[in-house]
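Please read it alongside the sequence and coordinates shown here.

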Amino acid sequence: MEPSISIRNLALNFGALRVLDDLNLDVGQGEFVVLLGSSGCGKSTLLNCIAGLLDVTEGQIFINGRNVTWEEPSQRGIGMVFQSYALYPQMTVEGNLSFGLKNARIPKAEIADRVARAARTLQIEPLLKRKPAALSGGQRQRVAIGRALVRDVDVFLFDEPLSNLDAKLRADLRVEIKQLHQRLRNTMIYVTHDQTEAMTLADRIAIMRGGQVLQFDTPNEIYNRPASRYVAEFIGSPTMNFLEGTVDLSAAPRFAGEQGEFALDGYDFVRRPQGGPAAFGIRPEHIATGAAAGAKPIRFDTRVDLVEPLGSDTLAWVHAGAQPFWVRLDGQSAIRPGDQLPIGFDPARANLFDTQTEARL
């Protein structure tokens, strides 16, 4: 099947500054793709290139098989939702939804039908006669989404649409956007720096850094098999724990670090490394504690320094000598700072990264 959106060797310069660098990406028909990364990584810039709001320096952009690299935004068949609601304050909700359609000289009956359909989909029918000043933040964002929805296009672009909302509203609207995609099955590209939004919304996530895509895969694959140490540290809260040391392949694979030497039984190498400096990563939820730690191949005794009760679970910051670990415990754990806590883990659940290249081993 031909991709809905295809980006080929895309580059963008702002003067001497290279913002996007030889970027390639294929988004499938009806797929929900999230562009995720820290501020300045190029994710919003890439979205604006797809939308036609920025002229690219090199490369090409295809939408539904058509080269749109130099087409105007209005000719690309996309609907865009911005971080700011950008609603016309003097118009009602109905007026905001219909304004672009009137300018496009769509027949009145069709405009009314599209506005009514979008209002039903987004559950804003009671708000149609109100002006933006009389709406809450969440209602305004629904209207902004509705304005893209009435365009009746195949591709929707979202540029951090929930970042101005409080945590409760973000969670509510996140669910609504996912349900909207499941109903419409349109292609959607969504920009965010929030990993929770990315993991819960996306069919696939593109992790970006320095104008490049480091890994483009499903949320589960990115979480469980990050392609680089940067991706491993960026995804997951709290972050992955790391032991610094060396991989020895002179016989059976082994890892040696400050905490001792242990076998890498069960670890699934991406490629057979030559051995040398490496980082051994293990996620907090993959660490067993107390009596259960004794059954694991790798075991340490630790001291608890900090406890963060979160209700559903408890996070503990512990030390084995100078080595810190985040550990995820049961929400009803009675652990306290100063307690001794045995921990253990299985190398089969680990992630190994080359120290020089940061690539997964």
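The points below concern a predicted model and are grouped by topic.

**Strand pairing around β16**
- Strand β16 (residues 298-309) runs antiparallel to strand β19 (residues 340-345), and six bridges join the two.
- Within this pairing, Asp301 has Pro342 in β19 as its bridge partner.
- Six bridges also join β16 to strand β17 (residues 313-320), again in antiparallel orientation.
- β16 and β17 form a hairpin with three residues between them, and Gly311 in the turn has a positive phi of about 90°.

**Thr314 in β17**
- Thr314, which is found in strand β17, stands opposite Pro309.
- Thr314 counts as buried because its relative accessibility is 1%.
- A polar atom of the Thr314 side chain lies 3.2 Å from the backbone oxygen of Asp330.
- Beyond four places away in sequence, Thr314 touches several residues, including Val307, Val327, Leu329 and Ser333.

**Salt bridges**
- The structure holds 18 salt bridges.
- Asp313 and Arg328 meet through their side chains in a salt bridge (2.8 Å, N to O).
- This pair links distant parts of the chain, with Asp313 in strand β17 and Arg328 in strand β18 (residues 323-330), 15 residues apart.
- Asp313 is buried at 15% relative accessible area, whereas Arg328 is partly exposed at 24%.
- In the salt bridge of Asp21 with Arg18, the closest N and O atoms are 3.4 Å apart.
- Lys168 forms a salt bridge with Asp172, with the closest N and O atoms 2.8 Å apart.
- Lys168 and Asp172 are separated by about one helical turn, because they are four residues apart in helix α5 (residues 167-184).

Key. Residues numbered from 1 in each chain as written. Predicted model: local features only at pLDDT ≥ 70, side-chain atom pairs only at ≥ 80, totals over all residues. Heavy atoms only, no water. Pairing = 2+ DSSP bridges. Buried < 20%, exposed > 50% of the residue type's maximum accessible area, 1.4 Å probe, protein only. Polar contact = N/O pair within 3.5 Å; in protein donor to acceptor, adjacent residues only side chain to side chain. Contact = heavy atoms within 4.5 Å. Salt bridge = Lys/Arg side-chain N within 4 Å of Asp/Glu carboxyl O.
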